[in-house]
Amino acid sequence: MSIPVKLYSGSEDRKLDLDMLDRRDHGRIRYKRVNEDTGKEVEWKDIVKGFKKDEGYVVLEKEDFEKANMKKSKTIDIEEFIEEKEVADVLFKKPYFLEPEKEGGKSYNLLRNALKKTKKLGVATFVMRQKEHLSLVGVYNDALVLHVIRFANEIRNPKELKLPKTKVQKKEVDMAISLIDQYTTSFSLDKFKDVYNEQLQKIIDSKAAGETPETEDYDSKPTPAKDLMAQLKASLDKKKKNKAS
């Protein structure tokens with residue numbers, strides 16, 4: 001089954017647009033594409049991509065990237081289906097919304113409704129910007145969404161981490177579980193705001209007005225291991241009081 005679709009980014013960068021400046025005169029810093037041998041700036045139209053081989057380069061043209069896999073450069077191929085719960089969060093990289101072309105409306109709705117009912121994801125591959133991507137096709141707010149995920153060789157092995165071997169007592173685990181249960185709610189994305197960007201914008205506005213920006217001091221200290229049980233109990237008691245009030 002073939003469904004003609006358009007691909008739209010499903011997320012956006014919310015960072016403030018900051019420029020790099022020379023501290024001495026606030027002149028804006030610019031980057032230039034410079035030829036390493038001549039020291040002269042090179043225009044985009046004169047720039048090509050090459051692969052280092054032996055003492056020279058193999059130069060690749062636009063047609064070479066297209067020939068590498070003509071089929072996948074023009075299609076998103078769903079190769080199998082899996083259960084949603086089988087996918088580890090660490091795999092996810094970036095979402096894209098899929099919008100059907102006029103002639104693909106019925107097929108689009110058929111796939112969307114089937115995925116929604118079965119709670120499954122389609123495993124697909126496609127090529128974008130000279131790179132093959134592995135992805136999962138699912139449903140979000142009645143739209144098909146394509147999640148670009150990482151290949152196995154892009155995930156580092158956590159065995160490289162120096163993880164602690166400290167033993168935890170059963171009563172500590174039970175108390176932690178109780179705390180988690182009491183703080184468990186239905187997830188609502190709207191509850192969470194980008195506080196850092198908001199605070200940074202306030203500082204920018206204050207400085208622009210010639211005022212001293214006000215900031216809140218926040219002291220974050222790690223809980224000492226010997227006080228872990230006391231901290232858990234205090235958190236539970238606090239939660240119970242909040243519920244009662």
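Q: Which residues make up the largest nonpolar core?
A: The model is predicted, to start with. The largest nonpolar core has twelve residues. They are Tyr96, Leu98, Tyr108, Leu111, Leu115, Ala124, Phe126, Met128, Val137, Leu144, Leu146 and Val148.

Q: And which elements give two or more residues to this core?
A: β5 (92–100), α2, β6 and β8 do. As background, nonpolar side chains tend to be buried together in soluble globular proteins.

Q: What does Val148 touch, leaving out residues up to four places away in sequence?
A: Within the core, Val148 is listed alongside Tyr96 and Phe126, and it touches both. Val148 also touches Leu91, Phe92, Lys93, Lys94, His133, Leu134 and Ser135.

Q: Switching to charges. How many salt bridges does the structure hold?
A: Seven. Opposite charges on side chains can pair when the charged atoms come close.

Q: Take Lys170. Which residue does it form a salt bridge with?
A: Asp174. The closest N and O atoms are 2.7 Å apart.

Q: Where do Lys170 and Asp174 lie?
A: Both are in helix α3 (residues 170–182). They sit four residues apart, about one turn of the helix.

Q: Is Lys170 buried or exposed?
A: Lys170 is exposed, because its relative accessible area is 61%, over the 50% cut-off. Asp174 is partly exposed, at 36%.

Q: What about Arg28, which residue is its salt bridge with?
A: Arg28 pairs with Asp19. The closest N and O atoms there are 3.4 Å apart. Arg28 is partly exposed at 48% relative accessibility, and Asp19 is partly exposed at 43%.

Q: And Arg24, which residue does it form a salt bridge with?
A: Asp22, with the closest N and O atoms 2.8 Å apart. Arg24 is exposed, with a relative accessible area of 76%.

Q: New topic, the surface. Which residues make the nonpolar patch?
A: Met20, Ile29 and Tyr31. The patch covers about 360 Å².

Q: Where is Ile29 found?
A: In the loop between β1 (5–9) and β2 (49–53). Ile29 is partly exposed, with a relative accessible area of 39%.

Q: Now the backbone. What is the phi of Lys119?
A: Positive, about 55°, although Lys119 is not a glycine. Most residues other than glycine have a negative phi.

Q: Where is Lys119's place?
A: In the loop between α2 (105–118) and β6 (120–128). Lys119 is exposed, at 54% relative accessible area.

Q: And Asn141, what is its phi?
A: Asn141 has a positive phi too, of about 50°. Asn141 is not a glycine either. Asn141 is found in the loop between β7 (131–140) and β8 (143–149).

Q: Is Asn141 buried or exposed?
A: Exposed, with a relative accessible area of 65%.

Q: Last one, Ser206. Which helix does it lie in?
A: Helix α4 (residues 195–208).

Q: Why does Ser206 count as buried?
A: Because its relative accessibility is 16%, and buried means under 20%.

Q: What is Ser206 in contact with, leaving aside neighbours within four places in sequence?
A: Glu211 and Pro213.

Terms used. Residues are numbered from 1 along each chain as its sequence is written. This is a predicted model: local features need pLDDT of at least 70, side-chain atom pairs count only at pLDDT 80 or more; totals for chains, interfaces and linings use all residues. Side-chain values use heavy atoms; hydrogens and water are left out. Patches are made of residues with over 30% relative accessible area and no salt bridge: like charges are joined within 9 Å, nonpolar side chains (Val, Leu, Ile, Met, Phe, Trp, Tyr) within 5 Å. Accessible areas come from the Shrake-Rupley method with a 1.4 Å probe; for residues, only the protein chains shown count as cover. A salt bridge is a side-chain nitrogen of Lys or Arg within 4 Å of a carboxyl oxygen of Asp or Glu. Buried means under 20% relative accessible area, exposed over 50%, partly exposed in between (1.4 Å probe, protein chains only). A nonpolar core is a set of buried Ala, Val, Leu, Ile, Met, Phe, Trp, Tyr and Cys residues joined through side-chain atoms within 4.5 Å. Contact means heavy atoms within 4.5 Å.
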